[in-house]
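Thank you all for coming.

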Amino acid sequence: MWQQRADPVEVRPRLGKTAALKREDSVPGGNNMVSIASICRHPVARLCSTLALSAFVVAVLAAATPAAADVLARWTQYVASGGAEARAVVTDPACPEATVDGVAIAMTERAAPADGFPERVCALALGEGATSVTVAGVAVPAPAKTIGRVVVVGDTGCRVVPNWAQACDDPTKWVFATVAAAAAAEKPDLIIHVGDYIYREKPCPTLVQPACAGTPSGDNFPTWAADFFTPAAPLLAAAPMIVVRGNHEICSRAGVGYSRHLSPDAFDPAMPCPQKDPTYWIAIDGQSFAVLDTSFPPDARVDPAMAAMLRQDLTAIGAAAATAPTMLLTHKPAWAITRGAHDRVYGSSQTYAAAAGDSLPRALQVAISGHIHLFESLTFTNGGPGQLVVGNSGTMLERPTPSDLSGMQAADRTIAAGLEIHDFGFMVMERTADGWTGRVLDETSAPLATCAIVPGPLACRLAP
Ligand SMILES: [Fe+2]
């Protein structure tokens, strides 16, 4: 049974408090002072002065030694500038010290404690040449220099809604921690999370799902710790991340927590949840990734203003993709297949599809998304980049569709070749001499499918 803890991500000794206790034991105050004072009444004055001097020296040394930071999470992510930042979540009144290639540098405060978020978020911009980075004495990933292997995960949180919920405390039912460990074991150079981190939006309905009893809920740090930072710890330690915003991180949901911790932009306490993240590019080792925020537009209708905004971004992405091999990262795919109520098969976001319909750059290598809680690979009869959907890394899966999606209709697009996998897991992309291949794995690292991504049309086939 899940038991709520006061601090769900605190898995190591609270070093700061330990250090403080040692100082109290050593300094000439409290019980120690009484003890030394009584010894100083000893007729052998030299013993008294020696003890007093020793206590003084210990006190000075203790005061000069900074307390170990209480770090709840630490990671490295790419940001809107195209560079990388080390980030940390701490309970301390100040940000911890980092080192970059042996040089100590103070991290700066990104987000101060606030309602629901008693922790402090700290950041440090990293030069692309940095090779060794620590935060409060513990290594975090340095910016990637080469990318031979990229892990993709998406839609990872534990679904908790009023009338039904996943068994968040049962790792065989909510498998994100297992996925994160298996994905980290692949030793990737880069990790892409295509969004939807937080699913514990409402209190656990214990009558229908006892295995989520006591879980935190809502947009606050205990929820972020339980749904993301704690289970993601192996991933956060394995490689720098590209973090895509999901529709669970829009402003009416977990948007403030997202902006505090994971946004690629600066955090502004006066506007703690911007509606849209900036569009940005990351170039590593001759490969570019364009990150487009598709979290906010409505799925079930076309919002003309939002579609126009997305068209502008896609035009800029197209110009960049014409000059460098580029993969597009979005949370919502423009076109994908999912099976809703009453067996109605439908595509993804109508607003994004309207924008992408005339503006999705053909020069893109592939689009990689989540949102649909399945794995899918799709190509379309009118050409254009193929679509990968990796939305199966922990959140309750969608209802299965036919495994062969070929010939099905997704909005105005006809699927030329499509594969659906109804299983939890993640994807590993491997760089080849002239492009990329992929392996789709389940949470135990068992192979589910292999893919040819580029060059040539995207094509995935089930593992034998
Ligand atoms: Fe989503």
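Let me begin with helices α8 and α9, whose crossing is right-handed; please keep in mind throughout that this is a predicted model. The contact between them is made on one side by M306, A307, L310, R311, L314 and T315 of α8, and on the other by T351, Y352, A354, A355, A356 and S359 of α9. In general, two packed helices are described by the angle between their axes and the distance between the axes. Here α8, which covers residues 304-321, and α9, which covers residues 350-359, pack at an angle of about 40°, and their axes are 8 Å apart. That angle is why α8 is described as oblique to α9.

Staying with α9 for a moment, the buried residues in this helix are T351, Y352, A353, A354, A355 and A356, and α8 is part of what covers them. If we set aside the neighbours within four places in sequence, A354 is in contact with V302 and A307. The C-alpha atoms of A354 and R301 are separated by 9.6 Å, although these two residues are 53 apart along the chain.

Now let me step back to the whole chain. How many helices and strands does the secondary structure of the protein chain come to? There are 9 helices and 27 strands. Of the 464 residues of the chain, 48% count as buried. When we consider contacts with a separation of 6 or more, 67% of them are accounted for by residues 24 or more positions apart.

Before going further, a word about confidence. The mean pLDDT of the protein chain is 86, and 83% of its residues reach 70 or more. Over residues 1-67, however, the pLDDT is below 50, although this stretch does have 61 contacts in the model beyond near neighbours in sequence. Where pLDDT is low, the predicted coordinates should not be read in detail.

To take one of them, L329 is in contact with I192, V194, I242, V244, F289, A290, V291 and I368, leaving aside its neighbours within four places in sequence.

One of those partners of L329 is V244, which is found in the loop between β13, residues 241-243, and α7. Is V244 buried or exposed? It counts as buried, because it has 30 C-beta neighbours inside 10 Å. Not counting residues up to four places away in sequence, V244 touches H193, V194, G195, V291, L329, T330 and H331.

Another element to look at is helix α5, at residues 221-229, where 9 of the 9 residues are buried, so the helix is largely enclosed by the rest of the structure. Which elements do the buried residues of α5 pack against? They pack against β1 (71-78), α6 (233-238) and α7 (255-261).

Finally, I would like to point out some backbone details. Most residues other than glycine have a negative phi, and most peptide bonds are trans. Against that background, D285 has a phi near 55°, a positive value in a residue other than glycine, and it lies in the loop between β14 (280-284) and β15 (287-291). H371 also has a positive phi, of about 80°, although it is not a glycine, and its place is in the loop between β19 (366-369) and β20 (375-380). As for their surroundings, D285 counts as exposed because it has 12 C-beta neighbours inside 10 Å, whereas H371 is buried, with 28 other C-beta atoms within 10 Å. Lastly, a cis peptide bond, with omega about 0°, joins V454 and P455, and P455 lies in the loop between β26 (447-454) and β27 (459-462).

Conventions
Residues are numbered from 1 along each chain as its sequence is written. This is a predicted model: local features need pLDDT of at least 70, side-chain atom pairs count only at pLDDT 80 or more; totals for chains, interfaces and linings use all residues. A residue is buried if 20 or more other C-beta atoms lie within 10 Å of its own, exposed if 12 or fewer, and partly exposed in between; C-beta atoms are placed from the backbone. Helices (H or I, at least four residues) and strands (E, at least two) are DSSP runs, numbered from the N terminus. Two residues are in contact if their C-beta atoms, placed from the backbone, lie within 7 Å. pLDDT is the predictor's confidence in each residue, from 0 to 100. Axes are lines fitted to C-alpha atoms, for helices over the stretch in contact, and angles run from 0 to 180 degrees between N-to-C directions. Angles under 35 degrees count as roughly parallel, over 145 as roughly antiparallel, 65 to 115 as roughly perpendicular and the rest as oblique. A crossing is left-handed if the near helix is turned anticlockwise from the far one by less than a right angle, and right-handed if clockwise.
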